[in-house]
Every structure is written in structure tokens, then in C-alpha cells.
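Subject: Structure for your attention, with notes on its fold

Dear colleague,

My notes on it follow directly after.

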Amino acid sequence: LGRSPTLPTFFDNLDSFAEAPEGMAKLRELILDLAVRGKLVEQDENDEPASELVDAIAREKARLVKAKEIKKPQSLPPIASGAASTEVPTGWALTLLGNLVFDFQNGLSKRRSAVGEPVPVLRLADIKSGEISSRELREIQLTDDELAHYPLAKGDVLIIRVNGSADLVGRFIPCREGKRWTYCDHFIRMRVPTAYVDQRFLCILANSRWGREHVNNNAVTTAGQKTINQTGVGTLPVLLPPLSEQRRIVAKVDGLMALCDELESRGSERVRLRERASRSCLARLVSSRSRRDLSSAWQRLSDHFEVLYDTPETLAHLRQSILQLAVQGKLVPQDPNDEPAHVMMAQINQARAELLAANQIPKSKPYAPIEESIVPFDIPDSWRWVRIGQTAKLVDYGTSQKASEIPHGVPVLRMNNIQDGRVILDGLKYVPETLEELPALYLKTDDLLFNRTNSYELVGKTGIFRGGDDNYTFASYLIRLRLFDGVFPDYVNLAMNASYYRTTQIEPELTQQCGQANFNGTKMKNSLLPLPPSDEQKRIVAKVDQLLSQCDELSARLRERQSATHGLLTATIHHLLDEVGR
């Protein structure tokens with residue numbers, strides 16, 4: 001756009017910002033901001049000045065009051081000093097919203113009777129993307145007299161009066177159809193004199209940054225909810241153009257918003273295509289059956305890397321593919337000099353028997369043989385499918401003792417301490433040192449912790465404890481695995497974070513109750529692990545660490561680029577607003 005963009009060049013280059021972070025949201029905000037400041041369309045000196053519209057509305061309101069068709073409106077205060085100092089475009093008028101509408105009416109708070117005709121009633125759920133949606137309207141019975149108190153006519157505007165979301169309070173919704181509808185008490189209905197004011201222009205004004213700022217000034221918080229009442233709505237300041245210009249502004253905004261929709265759709269389609277291409281490349285990578293196929297797939301991915309992985313989010317698929325390649329034996333070459341995994345498992349079984357004989361570990365039930373029909377994928381000849389419990393000296397649940405925030409005693413690790421495959425020693429609670437389960441439940445360096453109970457998505461989180469021996473314990477929602485020598489904890493950790501483990505071992509066995517999912521210790525011990533030779537485990541972990549570190553660096557650069565683009569877009573918009581404000 002150059003160093004000093006102008007509005008024409010800006011709107012000619014909207015594609016430049018279509019995929020910027022929050023780009024479309026900022027473009028829409030800019031369009032509304034320009035519209036309500038008189039900078040989006042040209043003023044026409046032949047238009048009837050807005051001051052005459054204000055006077056005509058006042059005369060019409062006086063006539064309706066005299067005819068007892070509307071109530072006498074309350075007196076309005078002067079325009080607040082902040083709004084009063086606003087520059088008013090030629091032909092426009094600065095006034096209060098209460099001066100521009102016939103009346104305000106809160107909605108129906110409860111059903112008045114059980115007789116009468118069924119009448120659709122608008123609720124907050126019936127507002128979709130700032131418009132009334134009539135697809136799922138509920139009905140209540142109202143007599144004609146009751147309906148007369150809460151009518152909704154074409155040209156009216158509904159204002160969201162109360163909502164838990166502060167951003168929705170004060171939003172204007174146009175009623176475009178004349179139907180036999182009513183509305184609930186979450187709304188204020190505003191009757192607009194459409195001969196003088198375009199209801200759509202009022203909605204544009206209210207949803208612009210100008211409107212939102214003044215709505216927030218007039219709203220209050222009650223019982224944790226943002227609320228605006230009729231007085232607050234009536235005293236909203238309005239920059240009113242001539243009627244012809246209002247209509248030109250509405251048409252221009254509609255056209256630009258349609259363009260934004262198109263750009264957004266095209267951007268979403270580009271994202272979908274990149275996502276599809278990325279998944280295709282990664283699927284080819286993971287399904288490679290030979291080193292030659294793997295090399296070819298990796299080269300294809302590398303050739304298009306900058307296109308396929310242009311946001312931090314898309315890197316998540318690459319990270320998962322790296323883990324999946326690792327546990328399939330495709331990330332590093334096998335070494336024929338490595339001691340095969342079946343030899344290591346024979347040594348582990350011997351060590352287990354010795355510990356059992358010395359009463360140093362509890363006896364466990366024998367594990368069922370692993371049939372070929374249940375293994376998720378093929379592995380190299382030097383590897384072996386095992387059950388995770390076969391690799392562990394100890395598999396224990398943590399303590400159920402209630403922990404205290406008072407920093408005295410033994411720190412206890414909980415669900416929140418497992419993040420991104422690591423154990424984080426922050427946000428700790430404490431249990432007494434006299435706990436009967438100690439010292440048996442003290443953690444030792446390289447113990448692996450598994451989150452057995454959490455939300456559906458978070459069950460199965462794992463991390464390796466690196467906090468030193470006999471200083472920490474862990475809560476009952478976690479399972480501790482202490483592995484035999486020869487089984488590298490970092491390898492088991494990455495395997496349990498690979499996609500195969502989630503989709504084939506955890507999800508088919510998850511149980512859910514009271515909003516929590518559970519994967520118990522028995523299921524975890526019987527889950528399947530592709531076990532490489534010990535030395536290969538270490539090579540795999542080193543390679544995964546290297547590749548994920550590169551992903552972290554790329555992700556940081558992408559976030560930095562997004563931040564720079566966001567800054568450029570913000571600066572450009574501020575520059576444009578400064579230029580048009582002069």
C-alpha cells in the first residue's frame with residue numbers, strides 16, 4: 001500500500017490484508033468508522049440538511065403525542081461534552097437518539113395469558129450475525145390487546161438490552177419484515193420514523209466504534225451482566241446525515257461488506273486448500289514404506305514448506321507427523337549393531353523376577369499376548385510391540401489427600417502441572433510430610449506422569465518429572481510410571497503423545513461420567529507401545545527434539561510475522577483515519 005496509503009488505494013488493495021490476523025475484522029471496523037464520520041461517500045450540497053429532519057421528527061412526535069398515539073417523551077439532557085466536541089460533516093446534525101425515534105418499549109417479560117392466538121416471540125437465540133433469523137422461532141399465546149403492547153413492525157429496531165457478553169449489549173438489529181411477531185424482555189424495541197431516518201443507518205452507527213464507545217459509557221453492570229436501559233439508549237449521541245446520504249452510506253457499506261465476505265470466503269478456501277495439501281503431504285510421508293518413498297515425500301514437503309506451513313496452527317499437524325514417523329521407525333535408520341528389543345525385554349523380565357523375589361515391587365497379573373490383528377501398524381524387525389505395563393517397575397495412582405495452598409510440607413503435582421509433554425513445577429499445593437503413602441509415592445527423576453482423568457480432550461496428557469528424587473508427590477488423578485533400565489522415558493513420553501496412541505489406545509477405551517473422561521491404570525498398562533532397541537530410542541528422541549525445536553523456531557517467526565502484519569494493518573488504518581479526519 002505504500003508509506004502513505006489513501007482510501008482509494010487502500011480499498012483497491014483489500015486482498016493484501018484479507019489473510020492478516022484479525023484483518024477482516026479490522027477492515028469491517030474501518031468501513032463502519034468511515035461511514036459514520038462522513039468519509040465513505042461524498043456529501044451532496046443539494047441534500048436536505050439533517051437539521052431539517054430533526055425538526056420534522058419533533059413536529060411529527062408532537063402530533064402523535066397530541067393524538068395520544070405515543071406517550072410524551074421524557075426531556076433529554078444536553079449532549080455530553082465529549083460527543084459535543086465531535087467534528088460534524090457538512091449537512092449533518094449532532095443530536096441524541098431519543099430525538100430521532102418515536103418511542104422505546106421493553107419486551108415481554110412473561111406470558112400474560114393462556115388464551116389467544118399463537119404469536120412468534122423473538123429471543124436472543126433468534127439473532128444470527130446481527131440479523132433476525134426466523135428458522136426456530138418459538139410461539140406464545142397472546143390476545144390482540146396483549147400483542148398491542150409489544151408489537152414489532154417493519155422499520156423497527158431491536159436493541160439488545162441485557163446479556164452476559166458485554167460486546168452484545170447495545171447492538172442494534174433491524175426488523176425488515178412486517179409480521180405478527182413480538183419480542184422478549186432481553187430487547188428494547190425502538191420505533192423509527194422511516195420517512196426521515198434509515199433504520200439500517202442507525203444500525204451501522206450503533207455497531208461502529210463510535211456507537212460501541214457511547215453504548216459502553218451508558219451501560220451498567222448488574223449481577224455480573226451488562227445492561228443498558230431506555231434512558232441509556234435515548235441519550236446515545238448520533239451523527240445524522242441527510243436522508244439521501246444515509247441511504248448512499250447504507251448502500252456503500254452493504255457493497256463493501258459483501259466484498260469483505262467474498263475476500264473472507266476466498267481466504268478460507270485458500271486455507272482449506274493448504275490444509276488439504278498439507279495433510280496429503282504428511283499422509284504420504286507417514287505411509288511411506290521405503291527409505292526412497294520417505295525421501296521423496298519429505299522432498300515434496302520441503303519444496304512447498306513455506307506455502308503449506310504459513311501459520312503457527314498448521315505446524316501442529318507437522319509436529320504430530322514427526323511423532324508418528326518416530327514411533328513407526330521411519331525417522332532414523334536402524335543400526336544392525338543395536339541389541340534387538342526382544343533381548344532387552346528378556347532382560348527386563350529377568351530384572352522383574354528378581355525384584356518380585358525380593359518383595360521390592362508388587363506382583364501383577366500376566367499380560368495377554370499381542371496378536372498381530374490388534375497392532376496399529378508395522379514396525380522394523382529389531383523392534384517389538386509390548387504392553388506399556390511390561391516396561392514399568394511401578395505403575396501407581398497418586399494420593400487422594402486434600403492438598404493445601406499453604407507452602408508447607410510436600411509439594412503435590414496435579415493435572416495442571418502436565419503441559420505440552422512436560423511437567424511444570426508451578427502452581428503447587430502441598431500435603432503433610434507425615435502422609436502415610438510416603439515415602440512410597442515420592443517421585444524420582446525420570447518418572448513419567450499420565451493424566452488419567454480430565455476432560456475428553458485432555459485425558460492422556462503425559463510429562464516426565466525432572467524435579468529431583470524424593471522432593472515431590474502426585475495427586476490421584478495422575479498415574480506414575482517408573483520404567484526399567486533400557487526403556488528411555490523420553491521415548492515413551494513421545495510415543496504416548498503420538499496420534500496412534502490417542503486414536504487407537506486411549507479413545508476406544510475412554511469412559512465418561514459427570515463431564516469427566518477416564519482412562520484407568522489397568523487400561524494404560526495394557527495399551528500398546530512400539531519399542532525400539534534402547535540405543536535407537538535415544539537416537540529417535542534426539543532427532544525428534546531437533547525437529548520440534550526447528551518447528552518452535554519457525555512458529556516463533558510466524559507469530560512475529562503475524563504480529564508485524566497486525567501492526568502494519570493497525571498503523572495503516574490509524575493513518576487513514578488521521579488523513580480523513582483532517
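Is the crossing of α12 and α14 left-handed or right-handed? The crossing of these two helices is left-handed. Please bear in mind that this is a predicted model.

**The pair α12 and α14**

Two packed helices are described by the angle between their axes and the distance between the axes. Helix α14 covers residues 489–496 and packs against α12 at an angle of about 120°, the axes being 9 Å apart. Because of that angle, α12 is oblique to α14. On the α12 side, the residues that meet α14 are L323, A326 and V327; on the α14 side, their counterparts are Y491, L494 and A495.

Helix α14 is largely enclosed by the rest of the structure, because seven of its eight residues are buried. The buried residues of α14 are P489, Y491, V492, N493, L494, A495 and M496.

**The nonpolar cores**

The largest nonpolar core has 53 residues, and those that touch the most other members are F450, Y491, L494, Y501 and L529. Helix α12, which spans residues 315–327, gives the most to this core, with seven residues. Once neighbours within four places in sequence are left aside, Y491 is in contact with V327, W383, L529, P530, P532, Q537, I540 and V541.

Strands of a sheet pair through backbone hydrogen bonds, either parallel or antiparallel. In this model, four strands form an open sheet in the order β2-β11-β7-β9, with antiparallel pairing. At the edges are β2 (103–106) and β9 (172–174), each of which pairs on one side only. From one strand to the next, the twist averages 25°. Helix α6, residues 199–207, packs on the sheet and touches β7, β9 and β11 (187–191); the direction of α6 makes about 160° with that of β9.

Which strands does β7 pair with, and over how many bridges? Strand β7, made up of residues 157–160, pairs with β9 in the antiparallel sense over three bridges. With β11, the antiparallel pairing of β7 runs over four bridges. Residue V157 has bridge partners in both of these strands: P174 in β9 and M190 in β11. For I159, the bridge partner in β9 is F172.

In a regular strand the side chains alternate between the two faces of the sheet. In β7, V157 and I159 point one way, L158 and I160 point the other way, and all of them are buried.

**The protein as a whole**

The protein has 582 residues, of which 46% count as buried. Its secondary structure comes to 17 helices and 28 strands. Among contacts between residues at least 6 apart in sequence, 78% join residues at least 24 apart.

Strand β7 could follow, with its pairing to β9 and to β11.

Yours sincerely

Note on methods. Residues numbered from 1 in each chain as written. Predicted model: local features only at pLDDT ≥ 70, side-chain atom pairs only at ≥ 80, totals over all residues. Heavy atoms only, no water. Pairing = 2+ DSSP bridges. Axes fitted to C-alpha atoms, helices over the stretch in contact; angles between N-to-C directions. Contact = heavy atoms within 4.5 Å. Core = buried A, V, L, I, M, F, W, Y, C linked by side-chain atoms within 4.5 Å. Buried < 20%, exposed > 50% of the residue type's maximum accessible area, 1.4 Å probe, protein only. Parallel < 35°, antiparallel > 145°, perpendicular 65-115°, else oblique. Left-handed = near helix turned anticlockwise from the far one by under 90°.
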